[in-house]
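This report describes selected local features of a predicted model. Please consult the sequence and the structure shown below.

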Amino acid sequence: MLMINILGAILIAAIIYWFWLYKPKQIQTDDNTVTIVVDNGVYQPGNIKVAANKQVTLTFNRKDSAPCAETVVFPELDISKSLAMGDDNKITLPALKAGEYDFHCQMQMYKGKLIAQ
């Protein structure tokens, strides 16, 4: 019984870490062009700094066949795109004002953020 309780506590800690405490890798781009790998439940890189007031081109390299990875949504920009398997999924975003723009899958399990500065 003690072993089951310990395993349960470890599982709860892992879930809390994955959904609330995990911070994806952050990069900064000079030319507002970024390749994002969609694999194992995450976007890599997940936090991307871009120049404000310039068009942004994102290329999604989808390696994950999970149904949740099929779509990327930019709610603040009212953009939703389907992602085919492979690395030719280009999305061009309009010039972004300074601020933070979240992006995620349709179930919000895969999460990322554009930071326009």
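## The β9–β10 hairpin

Histidine 104 stands opposite lysine 111, a residue of β10. The two strands concerned, β9 (residues 99–104) and β10 (residues 111–116), run antiparallel and are joined by six bridges. Six residues lie between the strands of this hairpin, and glutamine 108 adopts a positive phi near 60° there.

## Aromatic pairs

The model contains five aromatic pairs. In one of them, tyrosine 43 and phenylalanine 60 are arranged edge-to-face, with 5.9 Å from centre to centre and 70° between the planes. Because tyrosine 43 belongs to strand β3 (residues 42–44) and phenylalanine 60 to strand β5 (residues 56–62), the pair ties together parts that are 17 residues apart in sequence.

Both tyrosine 43 and phenylalanine 60 are buried.

## Asparagine 32

Asparagine 32 is located in the loop between β1 (26–28) and β2 (33–39). Is this residue buried or exposed? Its relative accessibility is 1%, so asparagine 32 counts as buried, the cut-off for that class being under 20%.

Two polar contacts involve the side chain of asparagine 32. This side chain reaches the backbone nitrogen of alanine 51 at 2.9 Å, and one of its polar atoms lies 3.4 Å from the backbone oxygen of glutamine 55. When neighbours within four places in sequence are left aside, asparagine 32 is in contact with Val50, Ala51, Lys54, Gln55, Val56 and Thr57.

Technical notes. Residues are numbered from 1 along each chain as its sequence is written. This is a predicted model: local features need pLDDT of at least 70, side-chain atom pairs count only at pLDDT 80 or more; totals for chains, interfaces and linings use all residues. Side-chain values use heavy atoms; hydrogens and water are left out. Two strands pair if DSSP finds at least two bridges between them. Helices (H or I, at least four residues) and strands (E, at least two) are DSSP runs, numbered from the N terminus. Rings of Phe, Tyr and Trp (its six-membered ring) pair if their centres lie within 6.5 Å; planes under 30 degrees apart count as stacked, over 60 as edge-to-face and the rest as tilted. Buried means under 20% relative accessible area, exposed over 50%, partly exposed in between (1.4 Å probe, protein chains only). A polar contact is a pair of N or O atoms within 3.5 Å; within protein, one must be able to donate a hydrogen and the other to accept it, and residues adjacent in sequence count only if both atoms are side-chain atoms. Contact means heavy atoms within 4.5 Å.
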